[in-house]
Amino acid sequence: MTDKANYLGAYFSWVMDSYDLGAVVITASILEKLFYPTLGLLGAVLPIVFTVVSRPLGGFLFGLFSDLKGRKVMLIFTVLGYSATVGITGILPTYYQMGILAPVLLSLLRIFQGIFIGGDVSSSFTLAMESVSIRRGLFSGIMQSGTLVGFVLVDLLFTLLAPKPFFISYGWRIIFLTAIIPAALAVIIRSKISESEIYMKVEKPKTADVIYGLKPLIQTISVMIGFWIMIYAGPQFVPILLGTIMKLPPSVYGPLALYMNLIGIPSMILSGFAADKIGRKSMGILGTIISSAVASILYLGVNHGFPLLYAILLFGFGVNLPSAITPAYLSERFRTISRATGVGFSYNGAFLVAGFSSIYISLLSRTLSPYISALIVFGIGSVISIIGLLMGPETLRQSELTTE
């Protein structure tokens with residue numbers, strides 16, 4: 001019963017984390033106009049970039065503390081941190097109200113939010129996977145799909161608010177202020193969880209022991225760099241593509257982003273189920289190949305008459321297949337004494353490279369079309385992820401999580 005409560009607590013709190021992160025993604029084009037009005041496409045991607053590139057610091061520091069002191073304390077601390085930053089964003093004056101100080105403050109808030117969300121991954125993924133003994137691939141897919149559930153919730157609110165005449169002036173703030181509610185729920189949920197039995201059985205490590213156990217880190221970060229380049233040149237870039245490049249109004253691109261994330265939920269669950277049959281590594285490679293195919297349809301097809309809605313749906317389903325293995329795969333690569341640090345820094349450390357994907361696209365777009373630029377960056381990510389997966393073992397058969 002404790003294991004079930006721990007998994008559910010980690011899952012629902014991860015949904016709420018993703019709601020907060022999704023608020024930044026879906027409002028990127030709005031924030032660009034209100035806080036970075038002179039930067040164009042670069043201004044639209046900066047809030048996302050600041051959020052993700054600060055995540056490695058949180059993943060490492062909070063992951064280390066989680067391995068040394070326990071998962072539960074960190075889960076409560078991180079949710080308090082990211083809920084505070086997202087709430088303050090909702091009341092922050094714009095560039096037109098306070099000048100250059102507005103984008104500076106927004107950038108700082110994005111950095112702090114990234115640190116806390118990065119730290120949250122370390123404990124939530126680790127606790128969830130340590131609390132699952134069978135069908136871990138399936139439960140990994142469900143856990144990772146919580147990201148999209150959070151995005152769907154915020155996309156739905158965006159879609160409802162976007163047609164309102166007050167949306168650009170102050171309606172967007174409701175999205176950030178509302179995020180305080182799920183964050184408060186996360187605190188309540190996390191107060192009910194306990195440490196996993198696996199963690200309680202091992203002798204508590206010293207810092208040197210944790211660091212020594214991070215041997216798989218180069219390989220796991222390689223996998224995650226590839227995955228996250230695909231994600232940030234893909235679904236995280238699509239709202240910018242639709243709103244800033246294609247210049248669709250929020251009332252149009254909001255529902256499209258909603259559909260894209262909604263169809264990704266069953267995709268991740270299906271991928272997790274398949275990972276229990278054919279293996280995490282095999283599913284990751286197969287999913288990456290499918291992702292590249294649907295990315296080509298989206299970025300090349302929409303300029304050649306392919307219906308945008310169908311392209312978005314195909315993309316939303318295919319692009320989420322590989323990353324569904326992430327919670328299980330990363331957790332199975334590290335021993336318990338180093339697992340939170342390994343999972344947290346692998347997942348978030350990749351953003352030191354992948355977090356700039358939107359910047360890479362922006363720079364390439366100076367000489368190429370944004371569509372071709374996005375596809376090139378996406379393709380580079382797919383190659384990196386496949387190479388990274390080939391470097392490591394098949395954790396369905398060789399798992400550190402079951403050989404303590």
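Let's start at glycine 70. Leaving out residues up to four places away in sequence, glycine 70 touches Phe65, Glu195 and Tyr199; contact means heavy atoms within 4.5 Å. This is a predicted model, where local features need pLDDT of at least 70, side-chain atom pairs count only at pLDDT 80 or more, and totals for chains, interfaces and linings use all residues. Numbering runs from 1 along each chain as its sequence is written, and side-chain values use heavy atoms, with hydrogens and water left out.

Where is glycine 70 found? In the loop between α4 (55–69) and α5 (71–89). Helices here are DSSP runs (H or I, at least four residues), numbered from the N terminus. Glycine 70 is buried, at 0% relative accessible area; buried means under 20%, with a 1.4 Å probe and protein chains only. Tyrosine 199 is 129 residues away from glycine 70 in sequence, yet their C-alpha atoms are 7.9 Å apart.

Next, a helix pair. The axes of α8 (residues 136–161) and α9 (residues 167–178) come within 10 Å and cross at roughly 155°. Axes are lines fitted to C-alpha atoms over the stretch in contact, and angles run from 0 to 180 degrees between N-to-C directions. So α8 and α9 are roughly antiparallel, a term for angles over 145 degrees. Val154, Leu157, Phe158 and Leu161 in α8 meet Phe167, Gly171, Ile174, Ile175 and Thr178 in α9.

Last, α15. This helix bends by about 25° at isoleucine 265, and proline 266 follows within four residues. That bend is the angle between axes fitted to the seven residues ending there and the seven starting there. After α15 comes glycine 279, with a positive phi near 110°.

Key: Helices (H or I, at least four residues) and strands (E, at least two) are DSSP runs, numbered from the N terminus. Buried means under 20% relative accessible area, exposed over 50%, partly exposed in between (1.4 Å probe, protein chains only). Angles under 35 degrees count as roughly parallel, over 145 as roughly antiparallel, 65 to 115 as roughly perpendicular and the rest as oblique.
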